[in-house]
Amino acid sequence: YKILLMNIAELIIDLSKNAILMQARDGSMPAGHNGPYNDNETTVRNTSHWLITFAKSYELTDDSIFLDAVQKAANYLISTKARPFKYSFFHRKNSQLDSCNGLIGQAWVIEALAISSIILNDPKYSNLGEEVFFQHNFNYDYGLWNRLEIDGKIKSIDPTFNHQLWFAACAALLKGARKVKCDSIIKHFILKIPDNLSIINEGLIFHPIKVNGLIKEKYDKK
């Protein structure tokens, strides 16, 4: 077991060293695509994920090259390139879909910002994460969040359960100035989970939220 952990740690460190070579001057990492959907993405998603990997490598080695990589990536995520209109983060380039990549895209950046504040000992990243969190409309009746477009437009509630769960879990990591209020909303989300979660096939989670096929009509913000 200890050998396995050592090998995983070494793998994380080696991958991080190679990834740093791909980090652009502005701190961003190369863009990818949205899994099986093959949606072209901006650099925001991969930058967020690599920031977390760099942070772990720094914890494992105390090597300043990883801390520097975290700093550069964090500064990119709070830049106007990543958040051009000061609302949600710009994730996706497909004109037929939202540019925020629903709640899941925002969750990944919020997670990276929360870790940035811890590793860099700077609350501004968590505070920004909270700012974006509170810009998302929370429907107390349903215990679910609306999607927030990058230009500030409030869109329908994200109808995928794991997106809602990721958003709540990542926001719970934030330790900004409004943590008490943030946590109170997350707690309300948790209390409403029984109304929004479907279990099928002896324990398999059915991620489309159970609203009898009326997601848009029921969950759009009026």
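1. In this predicted model, R92 and D39 form a salt bridge in which the closest N and O atoms are 3.6 Å apart. The partners come from distant parts of the chain, 53 residues apart: R92 belongs to the loop between α3 (64-77) and α4, and D39 to the loop between α1 (2-20) and α2 (44-61). R92 and D39 are both buried.

2. A second salt bridge joins D98 to R147, with 2.7 Å between the closest N and O atoms. This pair also links distant parts of the chain, 49 residues apart, with D98 in the loop between α3 and α4 and R147 in strand β2 (residues 144-148). Both D98 and R147 are buried.

3. How are D39, R92, D98 and R147 linked? These four residues are linked in a network of salt bridges.

4. Another salt bridge is formed by the side chains of D195 and K192, at 3.3 Å from N to O. D195 has a relative accessible area of 45% and is therefore partly exposed, whereas D98 and R147 are both buried.

5. The largest pocket holds about 410 Å³ of space. It is lined by 19 residues, and those nearest its centre are N34, R92, N101, I104 and H163. Helix α4 (residues 102-120) gives the most to the lining, with 3 residues. By residue class, the lining divides into 6 nonpolar, 7 polar and 6 charged residues. In general terms, rolling a probe the size of a water molecule over the atoms shows where empty space is left.

6. D62 is a residue other than glycine, and its phi is positive, near 60°. D62 is placed in the loop between α2 and α3, and it counts as exposed because its relative accessibility is 57%. K86, likewise not a glycine, has a positive phi of about 65°. K86 is placed in the loop between α3 and α4, and its relative accessible area of 56% makes it exposed. For context, most residues other than glycine have a negative phi.

7. On the surface, I200, L204 and F206 form a nonpolar patch, with about 250 Å² of accessible area together. F206 is located in strand β5 (residues 204-206). Is F206 buried, partly exposed or exposed? With a relative accessibility of 38%, F206 counts as partly exposed, because that class lies between the limit of 20% for buried and that of 50% for exposed.

8. Another phenylalanine, F138, lies in strand β1 (residues 138-139). F138 counts as buried because its relative accessibility is 9%, and the cut-off for that class is under 20%. The C-alpha atoms of F138 and I186 are separated by 9.7 Å, while the two residues are 48 residues apart along the chain.

Notes:
Residues are numbered from 1 along each chain as its sequence is written. This is a predicted model: local features need pLDDT of at least 70, side-chain atom pairs count only at pLDDT 80 or more; totals for chains, interfaces and linings use all residues. Side-chain values use heavy atoms; hydrogens and water are left out. Patches are made of residues with over 30% relative accessible area and no salt bridge: like charges are joined within 9 Å, nonpolar side chains (Val, Leu, Ile, Met, Phe, Trp, Tyr) within 5 Å. Accessible areas come from the Shrake-Rupley method with a 1.4 Å probe; for residues, only the protein chains shown count as cover. Helices (H or I, at least four residues) and strands (E, at least two) are DSSP runs, numbered from the N terminus. Buried means under 20% relative accessible area, exposed over 50%, partly exposed in between (1.4 Å probe, protein chains only). On a 1 Å grid over the protein atoms alone, a cavity is a set of points where a 1.4 Å probe fits but cannot get out, and a pocket is an open set with protein on both sides within 12 Å along at least five of seven lines; lining residues have an atom within 4 Å of a point. Grid points are joined across faces, edges and corners, and a volume is the space filled by probe spheres set on the points. Ala, Val, Leu, Ile, Met, Phe, Trp, Tyr, Cys and Pro count as nonpolar, Asp, Glu, Lys and Arg as charged, and the others, Gly among them, as polar.
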